[in-house]
Amino acid sequence: MSNILSLTTFLPILGVLILFFIPKESKSVLRGFTFAVTLVTFLVSLLILTGFQTNAEFQFVENVPWIAAGPFVMRYNIGVDGISLWLVILTTFIMPISVMSTWKAVEDKVKEYMICILILETSLIGAFISIDMFLFYIYWELMLIPMYFMIGIWGGKNRLYATMKFFIYTMVGSLLMLVAFIYLYMIGSQAGIPDFSVLHFYNLHLDPSVQMWMFIAFALAFAIKVPMFPLHTWLPDAHTEAPTAGSVILAAIMLKMGTYGYVRFAIPLFPEAAHRFAPLLATLAVIGIIYAALVAMVQEDVKKLVAYSSVAHLGFVMLGIFAFNVQGMTGSMLQMLNHGVSTGALFLIVGFIYERRHTRLITDFGGLAKQMPIFATMFLIVTLSSIGVPGTNGFVGEFLVLIGGYESELRWWTVVAASGVIFAAVYMLWMFQRVMFGELNNPKNQKLLDLDAREIAIMVPLLLLIFVMGVYPNPFIAKMDPAVKKLVSQIRPASMDAAAKALAAVPVANAAESNETSEQNHTGMPAGHPVIPHEGQSTSPAINPHEAK
């Protein structure tokens, strides 16, 4: 069990090495072997889940020297805590489903496609478990390469435009983050920090002006990956042109790199700057929720509609993160998982119908529920999950985000963002109505076949998770709760702590003098008269609940 993280990370790479020896003509063997590798990787990752102890510390840590050149030291330093645990499990869970979706969707260059999927899985897992910041950056860059080829080679007719846009946006963000990493390491080396471990840098006290510029660099890099408004424009094109498996992986896992980056790096490394920029980022998140929902309403392409819904859902994740309290942060972490399941399922459903009709235009459909009842039932469940209907996974995460946001300084931002839930119901249900109900007039739709056994097998695990996470989310929350509480206490700015200490240091005599009038008002007794508290009443001074958090 000591090397379980490395085993989980590099099993897909071992699969790549074996794929090289399988003839490219044996397409079924290539698909079957890749599916077996991803399934075994998922089963191995369950050992991480079952062996994980519910606490706030990193577990299954591996920390060995890797690169040492003078003062520059980089270590192979990996581990998981409650924040990264479920993201690793989500990655290994989605990958076998993505491979199964390629059985009919990809017929050209199958061998190369499978290699891209396995390399992508290693890079995604590696990024989530990296404690060394430079190691994280390597995996962060590595994941761009297979996704670049998946969209550029197996994508739609505008794939080259979408690929270049995706690569340019994400590469600009990566370069900003690299510059920030290098500067942060230089400051750390002067302070005696021996390596790139992010845990060491959490305790590094930076000047507020330095924090500001460093946070801007990190925040831009992660905002592009989320993506946040107005840096979101690459995502609809990438989703629309990507093959089904590429869209599923991009939505379910890769976009979480942006939100995870805020939680793991940007906010805890620069808490003062994070609190300073919280209103701005919350404003962008709310704009993204409303804007993406309104744009989704007018989309004629089902896949592009789902892509814009993704922008809106991740706006809720960002709002919860910048609430800076346990409820909001827990809701955001849970919503990352919910979005991965629900939006991944939506892209699979769009893929199923595209394989049959080779069109994604809403106007080309209508009345499909009569011809494809199993498809219609599964589509409806996933649609309700995406809306956030109680009993489905989408409700719990959004509810916690809204509660956390309302109890924070982002109260009015949260009130506005809540309208996004209504908009989501509008564009999702309207799309479902136009595609699944009405008259079955199109002759091409009258010949459509319902889901086969493979497609049902793909959807069943996702549907089960939708209900399990919606009805009983506590097992998911319990694993992450200690780490979330530790993070919330860690990102409390030093200025707030200093103010609290100064308040606590006020002499009792001065406090008594200042409270004479209030004592008389509240008790009806003269100032200085001893006050006898009622039963259960505390004589301790009241504490602002937001400060207490």
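A search of the whole structure finds 11 salt bridges, a salt bridge being a side-chain nitrogen of Lys or Arg within 4 Å of a carboxyl oxygen of Asp or Glu. The structure is a predicted model, in which local features need pLDDT of at least 70 and side-chain atom pairs count only at pLDDT 80 or more, while totals for chains, interfaces and linings use all residues. Residues are numbered from 1 along each chain as its sequence is written, and side-chain values use heavy atoms, with hydrogens and water left out.

Select Arg31 and Glu107 to begin. Their closest N and O atoms are 3.4 Å apart, forming a salt bridge. Arg31 lies in helix H2 and Glu107 in the loop between helix H4 (102-105) and helix H5 (110-129), so the pair ties together parts 76 residues apart in sequence. Helices are DSSP runs (H or I, at least four residues) and strands likewise (E, at least two), numbered from the N terminus. Arg31 is buried at 4% relative accessibility, whereas Glu107 is partly exposed at 42%; buried means under 20% relative accessible area, exposed over 50%, and partly exposed in between (1.4 Å probe, protein chains only).

Next, select Arg264 and Asp81, whose side chains meet in a salt bridge of 2.6 Å, N to O. Arg264 belongs to helix H13 (residues 256-269) and Asp81 to the loop between strand E2 (72-80) and helix H3 (82-100), 183 residues apart. Arg264 is buried at 4%, and Asp81 is buried at 3%.

Finally, select Asp452 and Lys104, a salt bridge with its closest N and O atoms 3.3 Å apart. Asp452 is partly exposed at 25%; Lys104 is exposed at 52%.
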